[in-house]
Amino acid sequence: MNRTTFSLEVFGDRLAVTDIFERGTNSRQLEIMKSELKRAIQSELTDRQREMVTEFYFEGLSVTEIANRRGLSKSTVSRHLSRARERLKSALKYGFYPIWENR
């Protein structure tokens, strides 16, 4: 199984429109995106999803390692990660106005 990198690309091409995005630098935009992603992880995910996202993406554990650590099947871990990505995608997509809509 190939490890998917966790990036803002999974959320599509829709991010917040603010004056900062209109005039700001790429590094400032990235800071805002990271901040919103952290907020969404904390507020939109269940405890179990948040823990698995943290272990998989931030601690670098594999699905197998998470499954073994928690006494779950690999498919259960994969399902939690998939649902977490979908929740984050929805939260970020609907929490922002699409900036590239007219491009």
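Accessible areas are those given by the Shrake-Rupley method with a 1.4 Å probe. On that basis, the chain in this predicted model has an accessible surface of about 6900 Å², of which 45% belongs to carbon and sulfur atoms. Of its 103 residues, 32% count as buried.

The secondary structure consists of five helices and zero strands, so that, by the definition of helices and strands as DSSP runs numbered from the N terminus, the order of elements reads α-α-α-α-α. Among the contacts in the chain with a separation of 6 or more, 65% are accounted for by residues 24 or more positions apart.

Helix α3, spanning residues 47–58, and helix α4, spanning residues 63–70, have axes that come within 9 Å and cross at roughly 135°. The two helices are therefore oblique to each other, since an angle over 145 degrees would be needed for them to count as roughly antiparallel. The crossing in which α3 passes α4 is right-handed.

| Helix | Range | Residues in the contact |
|---|---|---|
| α3 | residues 47–58 | Glu51, Met52, Glu55, Phe56 |
| α4 | residues 63–70 | Val63, Ile66, Arg69, Arg70 |

By class, this contact of α3 with α4 comprises four nonpolar and four charged residues, with no polar ones. Glu51 and Glu55 are among the residues that α3 brings to the contact, while Arg69 and Arg70 are among those from α4.

Definitions and conventions. Residues numbered from 1 in each chain as written. Predicted model: local features only at pLDDT ≥ 70, side-chain atom pairs only at ≥ 80, totals over all residues. Heavy atoms only, no water. Helix = DSSP H or I, 4+ residues; strand = E, 2+ residues; numbered from the N terminus. Buried < 20%, exposed > 50% of the residue type's maximum accessible area, 1.4 Å probe, protein only. Contact = heavy atoms within 4.5 Å. Axes fitted to C-alpha atoms, helices over the stretch in contact; angles between N-to-C directions. Parallel < 35°, antiparallel > 145°, perpendicular 65-115°, else oblique. Left-handed = near helix turned anticlockwise from the far one by under 90°. Nonpolar A, V, L, I, M, F, W, Y, C, P; charged D, E, K, R; others polar.
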